[in-house]
Each structure stands twice: as structure tokens, then as C-alpha cells.
Amino acid sequence: TITVSPVNDAPTVATSTTSAVATRTVASHFTVTVRDVDIGDVVATLIGTNTLPASSTSTGTLVVGTTTLAPATQISVASFSNPDGASSTVNLAWTPGALAPDSLQVSLAFFARDVGQPAPSASSATQTVVLRVVAN
């Protein structure tokens with residue numbers, strides 16, 4: 001008899017860049033791609049450790065689609081149902097505010113987490129993106 005036990009493989013995460021430098025009031029775009037080989041697992045794209053400040057004319061905004069992300073210990077960016085094990089890409093735009101100081105730097109540690117079977121959930125390694133403003 002051969003017994004095959006199911007496993008929950010961890011998803012993977014990749015970013016299009018590890019650093020983005022943007023001019024004040026001009027958006028800098030980057031992507032985050034997640035993939036889980038476990039078909040049917042709901043997969044979330046998240047930001048863990050981060051220094052995202054509240055949106056303002058000093059700090060600017062980090063946007064996914066039409067949603068401006070707000071500071072939190074863990075930030076939900078997107079999720080998908082993963083019907084076929086293919087990757088899913090999220091487009092983000094960071095726009096430094098008009099009054100952003102030259103020293104402004106935002107660090108974001110992206111990761112993916114599935115709600116897979118068998119339990120427990122599995123998380124990917126992190127990919128960090130650092131956002132900076134062009135110095136005056």
C-alpha cells in the first residue's frame with residue numbers, strides 16, 4: 001500500500017524592483033507577483049514589516065488600483081482564488097507628496113500567505129521594496 005499525504009506548499013512572491021525613486025507628485029509604478037502551486041488555495045498578497053506613513057502632502061500615497069493603502073502592522077494588498085495555480089500580479093503606484101522631505105524613505109516587506117489545505121496556512125519568504133524621493 002502506498003499512502004500519499006497532501007501537503008500545503010508555501011506560495012512564492014516576487015517584486016519587479018527592490019528600490020524605487022520617484023519625483024515629488026509623480027507616480028513610480030512597480031508590481032508584486034504571487035504564485036501558489038496548490039490549486040484552489042486562496043492567496044493573499046500582504047505587506048508585513050513596513051514604515052508606510054499615513055498619506056499626506058508630505059509623505060504621498062501608496063495606491064493599489066483606486067485604493068490608497070494605510071499604515072498598519074500588516075497591510076492587505078490583494079487576494080485571489082487561485083483556480084489554476086497560475087501567478088497573480090498586483091500593480092502598485094507610489095507618489096511622493098509635493099512637500100516630501102529629501103530624507104523620506106519607505107520600506108515595505110511583501111509576502112504571500114495561502115489559506116490552504118491541509119492546514120495550517122503557509123507563508124512565502126519576504127521581498128522588500130524601498131521607496132525614496134528624488135533629492136532637491
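Strands in this tour are DSSP runs of E with at least two residues, numbered from the N terminus. You are looking at a predicted model, where local features need pLDDT of at least 70, side-chain atom pairs count only at pLDDT 80 or more, and totals for chains, interfaces and linings use all residues. Residues are numbered from 1 along each chain as its sequence is written, and side-chain values use heavy atoms, with hydrogens and water left out.

**First stop: a loop.** Select isoleucine 39, in the loop between strand S3 (28–35) and strand S4 (42–50). Its relative accessible area is 57%, so isoleucine 39 is exposed (over 50%; buried is under 20%, partly exposed in between, with a 1.4 Å probe and protein chains only). Now show its contacts (heavy atoms within 4.5 Å): leaving aside neighbours within four places in sequence, isoleucine 39 touches Asn82, Pro83, Asp84 and Gly85.

**Next stop: paired strands.** Colour strand S5 (residues 61–64) and strand S8 (residues 88–95), which pair (DSSP finds at least two bridges) in the antiparallel sense over four bridges. Click leucine 62 to find its bridge partner in S8, tryptophan 94. S5 is also joined by two bridges to strand S6 (residues 67–68), again antiparallel, and here valine 64 has threonine 67 as its partner. Two residues lie between the strands of this hairpin, where glycine 65 takes a positive phi near 65°.

**Last stop: two rings.** Aromatic rings of Phe, Tyr and Trp (its six-membered ring) pair if their centres lie within 6.5 Å; planes under 30 degrees apart count as stacked, over 60 as edge-to-face and the rest as tilted. The count comes to one aromatic pair. Select phenylalanine 30 and phenylalanine 110: their ring centres are 6.1 Å apart and their planes at 75°, so the pair is edge-to-face. Phenylalanine 30 sits in strand S3 and phenylalanine 110 in strand S9 (residues 105–115), 80 residues apart. Phenylalanine 30 is buried at 2% relative accessibility, and phenylalanine 110 is buried at 0%.
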